[in-house]
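Please look over the model shown here before reading on.

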Amino acid sequence: MANVSLNNIFKSFGKNEVIHGITCDIKDGEFIVILGPSGCGKSTLLRMVAGLEQISQGEIVINGKVVNKLEPAERDIAMVFQNYALYPHMTVFKNMAYGLKIRRMPKDEIEKRVRRAAEILELSDLLDRKPRQLSGGQRQRVAMGRCIVREPKVFLFDEPLSNLDAKLRVQMRLELRNLHENLGITSIYVTHDQVEAMTLGDRLVVMKDGYADQIGKPLEVYEKPQTEFVAGFIGSPSMNFFDAALSSDGRGVSFPGVASMPISENGLSAHKGQTVRLGIRPEHLTVSQTGDGVMQLNVDHIETLGADTLIHGHLGESDSGLTLRLAGVHHFEKNAVISLNISDDKLHLFDKETGARLGRGAD
Amino acid sequence: MVEHRPWLTALTHAVLIVGCLVIAFPIYTTFVASTHTLDKIASSFPIFPGGQIIENYRQALTVGSGEVGATVVRMMINSAIMAFGIALGKIFISLLAAYAIVYFRFRFRMTCFWMIFITLMLPVEVRILPTYKVVSDLHMLNSYSGLILPLIASATATFLFRQFFMTIPDELCEAVRIDGGGPIRFFFDILLPMSRTSIAALFVILFIYGWNQYLWPLMITNDEKYYTVFLGIKRMLDVGEGQADWHIIMASTMLAMIPPVFVVIFMQKQFVKGMTETEK
C-alpha cells in the first residue's frame with residue numbers, strides 16, 4: 001500500500017539519453033499502465049522503479065521515501081517479468097517461497113502465505129510441479145504468486161501477457177483486473193498492447209521516445225489525445241490523418257477530397273488560416289443514407305470481421321486514404337461511393353509542427 | 001538415409017565388431033598377461049587366461065613390483081586424490097571465474113576473459129618448466145598440493161561455464177535481486193543447481209584427465225609415497241638389465257583402468273544429458 005512519485009526522471013546510457021524527464025504521481029492502490037511502442041523507454045522506466053537500473057537524474061519516491069539508492073529488495077516491490085523468470089529447478093511452491101525464505105520468515109508463515117496465494121491463483125494442485133511442466137498461463141500465475149506472497153507495496157509488471165496466446169491473454173487480463181480489485185496494491189504495468197492498457201489501467205502514461213506524451217484516464221486519452229502520436233497509437237484501426245487547412249475565420253476546415261467542413265468551436269481562432277493535422281477515428285464516421293454527407297468515400301477494399309466491417313477507400317478524387325469502421329456486416333462493391341458524416345466534436349486537430357492538440361480539450 | 005537391406009545390416013555389424021575387436025584386443029592381452037606367471041608370458045605368450053589371477057593381483061595390490069616400493073593400493077589412492085582434486089578444483093575455480101566474467105562488471109573484464117581464453121592454446125607441456133620452477137620454489141615438490149594445484153586452472157571449463165551462464169536469462173538474476181538475494185545466493189541457489197548437468201559432464205572428463213596425468217607427477221615426485229598409478233607402472237618398467245615383472249605390471253594396468261570405467265558407467269546418464277541439453 002503506497003503511493004509512488006516519479007519526479008522528473010532522466011535516464012542516460014552513456015551519452016545516449018533515453019528518458020527525458022518524466023513526472024507522474026501514482027496514488028495508493030492505483031493501476032497505472034505505461035503504454036508505448038517498443039523502444040520508447042517504458043521498460044527502462046519500470047526497471048528504474050524496480051531498482052534494476054540506476055536513475056541518471058530525478059527522484060523516485062515510494063511512500064514518502066526517496067528510493068534512488070536502495071537495492072530492489074529494499075524497495076518493497078515485486079515484479080513480474082515478461083518471460084516470468086521462474087527458477088527452473090525449483091517447484092512452484094519453492095518458487096513462491098524463495099523470496100520469503102531469504103527474508104527469514106518463519107516456515108509456517110511461508111507455508112500459510114504460499115497456500116493462500118496458490119488458492120487465489122488456482123495453483124493449489126500444481127505446487128509440486130516444476131515450471132517446465134506448466135503451461136504458459138500457469139507459469140504466468142506462478143510469477144504473480146511469487147509477487148503476491150511478498151505482500152509488497154508496489155507491483156511492477158513488465159509486459160506480462162505478451163508471451164501468451166490471444167485467448168489466454170484475454171482471460172489473464174480479466175484475472176489481473178480482479179486480482180488488483182481484491183488486493184488493491186499499487187501497480188505499474190508496462191505494455192505495448194493498447195487493449196490491455198485501456199482495460200486494465202486506472203490511468204495511462206503514453207510514452208514516445210522517452211517522453212510521456214500524455215498521462216490520463218483511458219477514456220480521456222482516447223477522446224482527447226494530446227498529441228498526434230497518442231491519437232494514432234490509441235485506437236484500432238488507428239486514426240485517419242489528413243493535412244488540412246483551417247479557413248481564414250477558423251470556422252471551417254478543408255482537406256484533399258473535402259472542400260470544406262464547418263467547425264463550430266471557437267478555440268481555433270488563434271490558428272486560423274494555418275495548415276494543421278486533422279484526425280478522424282474510423283469508428284466515428286457515420287454513413288449518410290441520403291447521400292449528402294460531408295465526404296464521399298470511394299471503396300477500395302473491405303475487411304469483414306463479423307462484429308465489424310472495415311472499409312478502406314479514398315476520399316473523392318483525391319488520394320487521401322481513409323478507413324471506416326462500421327458495426328455489423330455490410331456489403332459494398334469495390335468503387336462504390338459511400339457518403340459519410342461526422343459530428344464536428346469528433347474531429348481532432350493537431351499542430352502540424354509539434355503534433356500538439358489544438359482547440360477543444362487541449363492542455 | 002537409413003535403408004533396410006539385410007546385407008547392409010550385416011556389413012554395419014561386421015564393421016562394428018571389427019572395430020570393437022581392434023579396441024578390445026590390447027585390453028584382452030593385458031588381462032591374459034595378468035593371469036599367468038612371468039615365465040609363461042616370457043616364453044610363449046598364452047591366448048587364454050591362466051590360473052595365477054589371484055596371486056598376481058594380490059601381489060600387485062599388497063606388495064608391488066620389484067624395486068618400486070609402493071603398492072598399487074597406495075598408488076591408486078594417490079591417483080584418486082589427484083584425480084578428485086583436479087576435477088573438483090577445476091570445476092570450482094572455473095565456476096567462480098565464469099561467474100565473475102559473466103555477471104560482474106569490472107575493469108578489464110574482457111581482458112581477463114581473453115587471457116583465460118588464450119591459455120587454451122598452451123598445453124601443460126609447454127608451460128611445464130616455469131610451472132615446475134614455481135612449484136619447486138613454493139616447496140610443493142613431493143606433495144599432493146603440488147600434484148593438484150598447478151593443474152586446476154582450466155580455460156576449457158571456464159569457457160564452457162561461461163557459455164552456459166550466458167544462456168541463462170538475465171531476468172533470473174534480477175528476480176533474485178528483487179526477492180532479496182545477493183550475488184552469493186544467486187550463485188548457490190540458482191546457478192549451481194542449474195549447472196548440475198554440465199558439472200556432471202565436466203566431472204567425468206576432468207576425472208579421467210586427472211587420473212591419466214603422467215608427465216606432471218613424473219616431474220615433481222620422486223618419493224614413492226606420492227607415486228600415482230601410471231607413474232608407478234612406468235617405474236615398474238625401469239629395471240635396466242633385469243627382467244620386468246610383466247605379470248604384476250599387467251595386473252596393475254588392469255587395476256588402473258577400473259576407476260575411470262566406473263566413473264563413466266555411473267555418470268553416463270548425467271554425462272550425456274550434460275553434453276546434449278541444458279536445463280532451462
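Predicted model: local features only at pLDDT ≥ 70, side-chain atom pairs only at ≥ 80, totals over all residues.

Residues are numbered from 1 along each chain as its sequence is written, and chains are lettered from A in the order in which they are written.

In chain A, four strands form an open antiparallel sheet in the order 2-1-4-5. Strands (E, at least two residues) and helices (H or I, at least four) are DSSP runs numbered from the N terminus; two strands pair if DSSP finds at least two bridges between them. Strand 2 and strand 5 of chain A are the edges, each pairing on one side only. Two antiparallel bridges join strand 4 and strand 5 of chain A, and A:Ile62 stands opposite A:Lys65 of strand 5.

| Element of chain A | Residues |
|---|---|
| Strand 2 | 16–26 |
| Strand 4 | 57–62 |
| Strand 5 | 65–66 |

Helix 1 (42–50) of chain A lies across strands 1, 2 and 4 of chain A. Just after helix 1 of chain A, A:Gly51 has a positive phi of about 95°.

Between the chains, 17 residues of chain A and 16 residues of chain B take part in the contact (C-beta atoms, placed from the backbone, within 7 Å). Helix 9 of chain B gives the largest share of the chain B side, seven residues.

Terms used: Contact = placed C-beta atoms within 7 Å. Axes fitted to C-alpha atoms, helices over the stretch in contact; angles between N-to-C directions.
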